[in-house]
Amino acid sequence: MRAAAILGLGCSQKNLKPFQSDQPDHKTIDWRIGVPSAADQADVILLFGGDGTVHRHLGQLVKLGLPVLIVPAGSGNDFARALNLSRARDSRAAWRRFCAGRANIRGIDLGVIIPGDGADVSRDLGTRRYFCSVAGVGLDSEVARRANALPRWLRGHGGYALTLAPTILRFAPLPMKVFTSNESGGWSIRSDQPTLLAAFANTSTYGGGMKIAPHARFDDGQLDVCVIGGVDPFKLACMFPTVYFGRHLSIREVDYFQAARVRVETETPLDVYADGEYVCKTPVEVTVQRGVLRVLAP
């Protein structure tokens, strides 16, 4: 068996050694380090890193179609947690099962962002960007931008929450339209109001455990959409702690729904972030591609 290891920022072959020692005596594993030349000649890929590392490699992982084991080793590991891989030892357990020949590979959905004005050129595969966890426009994009400027250690120890508090006090709702696809293949308006944030979730959490979409599943072919309208700063500051427990859905200004395709338009172009990484500016179409990523589960 040939295994390729992708080492994200801050990772080294030291992170890989426990997995190399876990290989069974009866099976020889040919290890290859790095991408892309190593990965396209492998049978399985081990990816060491956080959400940003996963995000940057999703296009290639989908193209290769190989099973992928995520090893949480980044400042944000929401995607790994969604796979029940909270720690490296969980990934080692999944790796041992895979090496023993047990069927612990599953196909999961990925979100897709298509930038542009809706013309055919915007649907060109070269312009698509996959995301594994949550994409967003508005407040959370501004928080992600500021959090990314923090030292890596601080980002991994509550950096998103630390950045959120001061940003709430300065961020004003922005005119935003959110559309959902209808049966005729066109668009129907779902929200047209000053909006603090619109989040499009493939998994339930982002930002280090904020449960923005508590009902999201990555195997149902749907995005869970959370749109938060205009809220005064004090109420917003009181509301956001409830997001960690998924209790914000009962608040009047929160619209939560599922959709296979949504579109976002704004008066002026706004940043779109996904998995904590900058992707493009609005307008965008956000959709989901079913079962496109094969992952190793515990």
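Buried residues, meaning those under 20% relative accessible area with a 1.4 Å probe and protein chains only as cover, make up 49% of the 298 residues in the protein chain. This is a predicted model, in which local features need pLDDT of at least 70 and side-chain atom pairs count only at pLDDT 80 or more, while totals for chains, interfaces and linings use all residues. Residues are numbered from 1 along each chain as its sequence is written, and side-chain values use heavy atoms, with hydrogens and water left out.

Begin with the whole chain selected. The protein chain has seven helices and 15 strands, where helices (H or I, at least four residues) and strands (E, at least two) are DSSP runs numbered from the N terminus. The chain exposes about 13400 Å², an area that comes from the Shrake-Rupley method with a 1.4 Å probe, and carbon and sulfur atoms supply 50% of it.

Next, colour by pLDDT, the predictor's confidence in each residue, from 0 to 100. The mean for the protein chain is 86, and 87% of its residues reach 70 or more. Among the elements, helix H6 (residues 152-170) has the lowest mean pLDDT (65), and strand S15 (residues 284-296) has the highest (97). Select residues 119-125 as well, where the pLDDT is below 50 and where the model has nine contacts beyond near neighbours in sequence; a contact means heavy atoms within 4.5 Å.

Now select helix H2, residues 51-64. The expected span of a helix is 1.5 Å times one less than its number of residues, so the 14 residues of H2 should span 20 Å, and the 19 Å between its end C-alpha atoms agrees with that. The buried residues of H2 include Asp51, His55, Leu58 and Val62. Just after H2, Gly65 takes a positive phi of about 70 degrees.

Move on to Glu253, in the loop between helix H7 (233-243) and strand S11 (254-259). Is Glu253 buried or exposed? Glu253 counts as buried because its relative accessible area is 14%. Not counting residues up to four places away in sequence, Glu253 touches Val227, Ile228, Gly229, Gly230, Val231 and Lys235. The C-alpha atoms of Glu253 and Gly230 are separated by 6.9 Å, although these residues are 23 apart along the chain.

Finish with Cys11, which is buried at a relative accessible area of 15%, and Cys280, which is buried at 10%. A search of the whole structure finds zero disulfides, a disulfide being a pair of cysteine sulfur atoms within 2.5 Å.

Notes:
Buried < 20%, exposed > 50% of the residue type's maximum accessible area, 1.4 Å probe, protein only.
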